[in-house]
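Let us walk through this model one element at a time. Keep the sequence at hand and follow along.

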Amino acid sequence: MNADIKARLASLTDAEELSRLNQEFNGGDSRPPAQIIKSLNTSNELVAVAEVHGRIVGFGCAQSFDSFCYEEPQGEITELYVEENARRKGAAAAILSCLEDNLRERGVKDIKVLTGKGNDAAIRTYEHNHYVIDDELLLKKRLGE
């Protein structure tokens, strides 16, 4: 792993950079830093960031949840983004490692990831980090407003 890359859980002071990176990743309307701060304060979500020389270059999000169906908590990586100029240098691996460590502390033993079937770069990144393609199928439905 690149020694210049550090991953850690996001802090409230990262809201501006998280807003910028989320805009690059998801497009659409920009999430105001105040909304991000509120989410970081109230959510069960884990948000990790990768820094290179103190500059945030990527983020990842994860959830853990309990279900009566399973003995241990379940985990899911829900987002992973690294800006273009920082890719292929270990930032995604550092973010994943940080999220995995924190999920492990929550008792999670298995983690799921959902990504686009045509997102070859993401699939390679996850496989390089020991994630295995499963045979599950995603179905979704948007509930009316």
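Start with helix α1, residues 15-26. The expected span here is 1.5 Å times one less than the number of residues. Helices (H or I, at least four residues) and strands (E, at least two) are DSSP runs, numbered from the N terminus.

A word on the ground rules. This is a predicted model: local features need pLDDT of at least 70, side-chain atom pairs count only at pLDDT 80 or more, and totals for chains, interfaces and linings use all residues. Residues are numbered from 1 along each chain as its sequence is written, and side-chain values use heavy atoms, with hydrogens and water left out.

Which residues of α1 are buried? They are Ala15, Leu18, Ser19, Leu21 and Asn22. Buried means under 20% relative accessible area, exposed over 50%, and partly exposed in between (1.4 Å probe, protein chains only). The buried residues of α1 pack against α2 (33-42), β2, β3 and β4. Contact means heavy atoms within 4.5 Å. Just after α1, Gly27 takes a positive phi of about 65°.

Now turn to strand β2, residues 46-52. Six of its seven residues are buried, so the strand is largely enclosed by the rest of the structure. Strand β1 (residues 5-9) pairs with β2 in the antiparallel sense over five bridges. Two strands pair if DSSP finds at least two bridges between them. β2 also pairs with β3, again antiparallel, over seven bridges. Follow Ala48 in β2: Leu9 stands opposite it, and its bridge partner in β3 is Gly60. β2 and β3 form a hairpin with two residues between them. In that turn, His53 has a positive phi of about 50°.

Next, the aromatic rings. The structure holds four aromatic pairs. In Phe59 and Tyr81, the ring centres are 6.3 Å apart and the planes meet at 50°, so the pair is tilted. Rings of Phe, Tyr and Trp (its six-membered ring) pair if their centres lie within 6.5 Å; planes under 30 degrees apart count as stacked, over 60 as edge-to-face and the rest as tilted. Phe59 lies in strand β3 (residues 55-65) and Tyr81 in strand β4 (residues 74-82), so the pair ties together parts 22 residues apart in sequence. Phe59 is buried, with a relative accessible area of 5%. Tyr81, at 10%, also counts as buried. Ring pairs link Phe25, Phe59 and Tyr81 into a cluster.
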